[in-house]
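Visitor: Please take one part of this model and go through it closely, with its neighbours along the chain and across the sheet.

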Amino acid sequence: MTDRPVTLREITDANRDAVTALSAGAAEGRFVASVAKSFRDAAETPEGNPWYRAIYAGDEPVGFVMLSWNVTPAPGIFGPWFLWRLLIDERFQGRGYGRETVRQIVELVRAEGATELLTSYVPSDDGPGRFYEKLGFTPTGDIDEGEIVIRLPID
């Protein structure tokens, strides 16, 4: 359970620097790209229909989330609903913010008619695989650039 209410907020000029400064710590680069790289990837891959938000706990930015929002699947583009990035700053990990963010994302995409949420992760004993498994994600059988693609059914 989180210690403060979690909200997903638009990234504006007022909060962009604070959000860009967030870091997953040692895992960054190995398991999740930085916020700055996420912005670049979003700009370079418009066909992925990137939708991103800052994750706030109370009034403090604690993370970043980015999805491919209702895209037509194509080579290199999973969808229609793909959790492209989920980064919780190292200072705020283990407090339930990631779990609550995924819960909120599921509610948002469910309201848009989604029947599943896809994501992928780098396989590793210390990677995010267990986190996603605990949330109910299961492997699709697909591998994308060495990452295991997983799905969460949305009913």
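Guide: D155 counts as exposed, because its relative accessibility is 80% (exposed is over 50%, buried under 20%, partly exposed in between, with a 1.4 Å probe and protein chains only). The model is a predicted one, in which local features need pLDDT of at least 70, side-chain atom pairs count only at pLDDT 80 or more, and totals for chains, interfaces and linings use all residues. Residues are numbered from 1 along each chain as its sequence is written, and side-chain values use heavy atoms, without hydrogens and water. D155 lies in the segment after β7 (147-153) (strands are DSSP runs of E, at least two residues, numbered from the N terminus). Between the C-alpha atoms of D155 and Q93 there are 28 Å, with 62 residues separating the two along the chain.

The part to look at closely is β3. This strand, residues 60-69, has 9 of its 10 residues buried, so the rest of the structure largely encloses it. On one side of the account is β2 (residues 50-57), which pairs with β3 in the antiparallel sense over 8 bridges (a pair needs at least two DSSP bridges). Within this pairing, M66 of β3 is the bridge partner of Y52. The hairpin of β2 and β3 has 2 residues between the strands, and G58 there has a positive phi near 65°.

The other pairing to follow is that of β3 with β4, again antiparallel, over 7 bridges. Here V65 has L86 in β4 as its bridge partner. To recap, β3 has bridges to β2 and to β4, and 9 of its 10 residues are buried.

How values were computed:
Helix = DSSP H or I, 4+ residues; strand = E, 2+ residues; numbered from the N terminus.
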